[in-house]
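Try each one with the model open, then check the worked solution.

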Amino acid sequence: MKNYSVLHILELYHIYKGMDKQEKKNFYQHKCDYYQFFVKIIIIMASLASLSYLVSDYQLNRHALMPTFVPRTSILVPLLFYIILEARAKNYKVKIFLNYLMLNLIVLATIWSVYHLEIKTHFSEGATIMNFLFLICCLGSSPRSGILGYGAFFAEILLSHSFNHYENLNVILSLNIPCFGAIMLAHCMLDLGELDHYLTSMKLEQALITDPLTNVYNRHKMYRLIQDNQLIAHEEPVSMIMLDIDYFKKINDTHGHYAGDQALHYLGETLMREIAESGTVIRFGGEEFVIILPGCPPEKACERAESLRKKIALSEKTPVKFTISAGVVKYNGNFKESIKAVDHALYRAKESGRNQVFWIPEIQNEVI
């Protein structure tokens with residue numbers, strides 16, 4: 001288990017403050033996805049458990065036909081909608097809204113029930129118990145959502161006082177306001193702890209999909225793009241480039257494997273610098289790299305591949321002098337066919353004398 005210090009907590013706080021809007025969205029989506037199942041189960045159990053208060057309602061009123069039956073069981077209707085909507089929701093903001101909405105509906109059902117009770121002083125215990133649920137909810141939400149959820153909670157207590165006339169309103173508030181402060185402090189600390197977990201997960205994730213020698217993506221990244229259908233998520237054309245270093249074996253044999261590794265590292269850095277903002281660079285294997293360019297027609301991809309080829313050939317900064325060959329195809333929606341076709345295009349570039357770009361206009365069956 002990790003040992004936290006004040007300095008580490010402050011460091012995490014500064015990291016959080018430095019995150020941009022999109023990074024925070026990604027963080028809270030990750031946090032919500034991680035805890036949401038647990039939060040959902042607790043909310044469902046709490047809603048069903050609230051029905052057991054019918055027993056204490058009977059003990060307080062001694063009525064054979066308990067007037068609180070309808071208010072208590074009314075929670076079942078929104079609970080059903082919650083289960084259905086929560087399962088369909090993907091965005092963390094929607095899930096958090098549903099969680100806090102359900103908590104406040106439990107409060108409203110309780111307030112409605114208290115209206116029918118002759119003795120209302122025990123509402124203070126029920127209201128205090130709700131803090132446990134707010135603490136559970138904060139596991140998967142942001143502090144701002146927690147404050148809004150608590151704001152609705154206190155508003156419901158104060159508004160219901162106009163018709164429930166709590167004799168111990170001061171006790172209800174004095175019990176719940178310190179709980180609110182403590183839970184929001186815990187909320188912030190849990191956020192920072194989860195941020196630490198998130199940053200570690202992202203580092204591991206990045207290590208899993210990154211080639212350590214060239215610092216470009218590896219095949220794991222490509223498989224994920226395929227699994228998530230990201231290669232066909234664009235209405236505009238997607239182009240694929242496959243390139244490799246000409247006579248790479250000769251470089252290793254003449255200059256040594258270290259020089260070969262330096263050449264790969266230099267090529268990886270160059271590709272990332274030229275491509276990273278508009279596409280994905282993947283080390284496909286050995287000295288072969290695949291570049292995926294969404295929203296880029298193959299004619300434009302050829303121009304970019306040719307520009308890369310010239311920069312490498314004319315560069316004075318390469319660890320050893322080398323050139324590259326490249327093949328270009330338009331992605332046709334089938335990964336296996338497209339990767340075979342672009343590999344064939346690269347082969348044609350090699351066969352035609354190397355240090356050039358070859359484009360196959362259309363993927364044909366004889367090619368694959």
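The exercises below go through a predicted model, one group of elements at a time.

**Exercise 1. Find out how H7 and H8 run relative to each other, and which residues make their contact.**

Solution. 
- Start with the axes: those of helix H7 (residues 123-137) and helix H8 (residues 143-164) come within 12 Å, crossing at roughly 170 degrees.
- An angle over 145 degrees counts as roughly antiparallel, so that is how H7 and H8 sit relative to each other.
- Now look for the touching residues. H7 brings Phe 123, Ala 127, Met 130, Asn 131 and Phe 134, while H8 brings Gly 149, Tyr 150, Phe 153 and Ile 157.
- Sort these residues by type and you get seven nonpolar, two polar and no charged.

**Exercise 2. Check the span of H7, then list its buried residues and what covers them.**

Solution. 
- H7 has 15 residues, and its first and last C-alpha atoms are 21 Å apart, close to the 21 Å expected at 1.5 Å a residue.
- Next, pick out the buried residues of H7: Phe 123, Ser 124, Ala 127, Met 130, Asn 131, Leu 133, Phe 134, Ile 136 and Cys 137.
- The spacing in such a list is worth a look, because an α-helix has 3.6 residues a turn and residues three or four places apart point the same way.
- Finally, ask what lies over the buried residues of H7: the cover includes H2, helix H6 (92-115), H8 and H9.

**Exercise 3. Move on to H8 and H9, and describe how they pack.**

Solution. 
- Helix H9 covers residues 169-209, and its axis is 10 Å from that of H8, at an angle of about 175 degrees.
- H8 and H9 are therefore roughly antiparallel to each other.
- On the H8 side, the contact uses Pro 143, Gly 146, Ile 147, Tyr 150, Phe 153, Phe 154, Ile 157, Leu 158 and His 161.
- On the H9 side, look for residues including Leu 169, Ile 172, Asn 176, Phe 180, Ile 183, His 187 and Asp 191.
- By type, the residues of this H8 and H9 contact come to 16 nonpolar, four polar and one charged.

**Exercise 4. Work out whether H11 and H12 are antiparallel or oblique.**

Solution. 
- Helix H11 (residues 248-255) and helix H12 (residues 257-275) have axes 6 Å apart and pack at about 135 degrees.
- That angle makes H11 oblique to H12.
- The meeting residues are Phe 248, Ile 251, Asn 252 and His 255 in H11, with His 257, Ala 259, Gly 260 and Leu 264 in H12.

**Exercise 5. Take H14 from its start to what follows it.**

Solution. 
- At the start of H14, a side-chain oxygen of Asn 334 comes to within 3.1 Å of the backbone nitrogen of Lys 336.
- Helix H14 (residues 335-351) has 17 residues, which should span 24 Å at 1.5 Å a residue; the C-alpha atoms at its ends are 24 Å apart, so the two agree.
- Along H14, the buried residues are Phe 335, Ser 338, Ile 339, Ala 341, Val 342, Ala 345, Leu 346, Ala 349 and Lys 350.
- Over these buried residues you'll find, among others, helix H10 (219-227), strand S1 (238-245), strand S2 (280-285), strand S3 (288-294), strand S4 (324-330) and strand S5 (357-359).
- After H14 comes Gly 353, with a positive phi near 120 degrees.

**Exercise 6. Decide whether Arg 309 is buried or exposed, and find its polar partner.**

Solution. 
- Find Arg 309 in helix H13 (residues 298-314).
- Its relative accessible area is 14%; buried means under 20%, so Arg 309 is buried.
- The side chain of Arg 309 makes a polar contact with the side chain of Asn 355, at 3.0 Å.
- Leaving aside neighbours within four places in sequence, Arg 309 touches Ile 324, Asn 355, Gln 356 and Val 357.
- Asn 355 has a phi near 55 degrees, a positive value in a residue other than glycine.

**Exercise 7. Say where Asn 215 is, and how accessible.**

Solution. 
- Asn 215 is in the loop between H9 and H10.
- With a relative accessible area of 44%, Asn 215 is partly exposed.
- Its backbone has a positive phi too, near 65 degrees, in a residue other than glycine.

How values were computed: Residues are numbered from 1 along each chain as its sequence is written. This is a predicted model: local features need pLDDT of at least 70, side-chain atom pairs count only at pLDDT 80 or more; totals for chains, interfaces and linings use all residues. Side-chain values use heavy atoms; hydrogens and water are left out. Axes are lines fitted to C-alpha atoms, for helices over the stretch in contact, and angles run from 0 to 180 degrees between N-to-C directions. Helices (H or I, at least four residues) and strands (E, at least two) are DSSP runs, numbered from the N terminus. Angles under 35 degrees count as roughly parallel, over 145 as roughly antiparallel, 65 to 115 as roughly perpendicular and the rest as oblique. Contact means heavy atoms within 4.5 Å. Ala, Val, Leu, Ile, Met, Phe, Trp, Tyr, Cys and Pro count as nonpolar, Asp, Glu, Lys and Arg as charged, and the others, Gly among them, as polar. The expected span of a helix is 1.5 Å times one less than its number of residues. Buried means under 20% relative accessible area, exposed over 50%, partly exposed in between (1.4 Å probe, protein chains only). A polar contact is a pair of N or O atoms within 3.5 Å; within protein, one must be able to donate a hydrogen and the other to accept it, and residues adjacent in sequence count only if both atoms are side-chain atoms.
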